[in-house]
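Here are my notes on this one, for when you have the model open.

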Amino acid sequence: MPIHNAKFTSFGSYVPKKVITNFDLEKIVDTTDEWIRARTGMMERHYAEPEEAASDLAYIAAQRALEASPLKHRDIDMIIVGTVTGDHAFPSTACILQKKLGMKNIPCFDLSAGCTGFLYSVDVAKNFIENGTKHNILVVGVEILSKVTNFKDRSTCVLFGDGAGATIISRTERNDISRIIDSVMYADGSQSDLLYQPAGGSRMPASQETVEKNLHTIYMEGNRIFKNAIRSMYAAVDELLRRNKLEAKDIDWIVPHQANIRIIESLADKLHFPMNKVIVNIEKYANTSSATIPIALDEAIRDKKIRRGDLVILTSFGAGLTWGAILARF
Amino acid sequence: MDSEAIEAKVKQIIMEKLNVEESEIVPSANFIEDLRADSLDTVELVMAFEDAFQITIPLEDQDKLQTVGQAIDYLKEKLAS
C-alpha cells in the first residue's frame, strides 16, 4: 500500500495562435479536406512560430495550471516534461522550463515515451507522491511536431499539430475522494521501427545527407500503428477495469490520446462505451502527441464536463511502442 | 469450422464493415478498388476477422489480404493449421 495518495490538483494548456486548416494543407500537399476528415476526424491544427520552442508553450500551460491551483511556485518540488520535441537534445526542456518559472533546487527531467509521454510522466509523479518523496509535481506534455513533420509525405503531414498541457499532481488526504487510483504502463520495443524520427541522434547524426533526405522528420507506418493502437489501449483499459472490479458503465469519462477519430471510435465500440462520454477535440488540434490528453482534460474541466467526483480513464499509445492507461477520480 | 461456414462468416463481416451488398462480394473483388474501402477500413476488416475467428493475423500478412478471395483462402488455411 502506498503511504500517501496522489491527485490531479489543476490543469492548464496552451496552443500556438497560428491555425492551419485542411484547406491550407491542400495548398501545400496533394490532399483534400474530405480525405483528411474521413480518415482522421481532423479539421484544424495549430503551428508554432519559427521562434517558438517547446518550453515557450510549456511555460504558458504551466503558468495556467499554477493559476488554477491554490499553490505557489515555491510549492512545486519536481518538474517532469513528457516530450519528443524538446528545445534541445540536451539539456532537458524541464530544466529550461524551471528557469522560466523561476523555480530553484528541485529535480527536473524530460521523459521520452512518444505520445504516451504524458501518461508515463503522470505515473512516475504518482509514485514519487505515493512514496512520500514529493508533495507537488508539475507534469507537462508538450510537442512542436510541425517542426519534425515531413511535408513531402501526404499520409502523415496532415496528422500533427503543436500544443502543451500541464497538470500539478499533489499529495492528498486519505479521506479526499479525488485521487489517482491505478495505472498500467507497457512498451514493446520490438516494434520501435513503426514510428520514429530516423536522424538527429547517435544512430544517424545530422549531416547534409540526412537533411536532404528529410530524415529529421516523423516516419510512421500508420496502418500498422492503427491496429496496435486499438488493441493495446483496449487491453490496458480492460486490465484497469478488471483489477479494480469495475465495468465500463461505471466510468464517467474516457479521455483517449487524440491520434485518429477512427481509433477512438473503434476503442469505444470494443469497450461498449458511448461516444458521448469520450472526450474528443481532435478536430481542433489534430495529434499533438504527449500534449493531447492534458489539453483535452484542461478543456473538459473548464467546460464543466469532467467534474469533481467523476471516475475517469486516460489512455494512450505511441512511439516505442508504448501504451498505458490511468484510472482517477477527479 | 468447415469451408462453407468460414466463407459465409467472412462475407457477413465484409458486408457489415464495408456497407456493401452481398452481390458485390465476389472472390475477385478488391477491398479498396471494388468495395470502396480505404486503407483504415482494411485494417478494421483484418481486426474483425481476428475477433470473429479468434486468431492473430501478423502485420506482415495484412498486405496479402487485398481481395475477398485472398481473405477467404488465407483464413481457410490459417484455421486448418
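**Notes on the two-chain model**

1. Starting with a tyrosine: A:Tyr219 has a relative accessible area of 37%, so it is partly exposed (buried is under 20%, exposed over 50%, partly exposed in between, with a 1.4 Å probe and protein chains only). Rings of Phe, Tyr and Trp (its six-membered ring) pair if their centres lie within 6.5 Å; planes under 30 degrees apart are stacked, over 60 edge-to-face, and the rest tilted. A:Tyr196 is in strand S9 (residues 195–196) and A:Tyr219 in strand S10 (residues 219–220), so the pair links parts 23 residues apart in sequence. Helices (H or I, at least four residues) and strands (E, at least two) are DSSP runs, numbered from the N terminus.

2. Ground rules: this is a predicted model, with local features needing pLDDT of at least 70 and side-chain atom pairs 80 or more, while totals for chains, interfaces and linings use all residues. Residues are numbered from 1 along each chain as its sequence is written, chains are lettered from A and ligands numbered from 1 in the order written, and side-chain values use heavy atoms, leaving out hydrogens and water.

3. Other rings: the whole structure has six aromatic pairs over all chains. One of them is A:Phe8 with A:Phe11, tilted, at 5.3 Å centre to centre and 35° between planes. A:Phe8 is buried at 11%, and A:Phe11 is buried at 5%. Together with A:Phe330 they form one aromatic cluster.

4. Charges over rings: the charged end of A:Lys270 sits over A:Tyr234, 5.8 Å from the ring centre. In chain B, B:Lys9 lies over the face of B:Phe53 at 5.5 Å. The test is NZ of Lys or CZ of Arg within 6 Å of the ring centre and within 35 degrees of the ring normal.

5. Which residues have the most contacts inside the largest nonpolar core? They are A:Ile251 and A:Phe317, in a core of 51 residues. A nonpolar core here is a set of buried Ala, Val, Leu, Ile, Met, Phe, Trp, Tyr and Cys residues joined through side-chain atoms within 4.5 Å. Elements giving two or more residues include helix H7 (222–243) of chain A and helix H2 (39–53) of chain B. H7(A) gives the largest share, nine residues.

6. The interface: 15 residues of chain B are in contact with 14 of chain A (contact means heavy atoms within 4.5 Å). The chains bury about 1,300 Å² between them, 49% of it on carbon and sulfur atoms; buried area is the accessible area (1.4 Å probe) that two parts lose on being put together, summed over both. B:Leu40, B:Met47 and B:Leu59 supply 46% of what chain B buries against chain A.

7. A:Lys245 has a positive phi of about 55° and is exposed at 74%. B:Gln54 also has a positive phi of about 55°, and is exposed at 71%.
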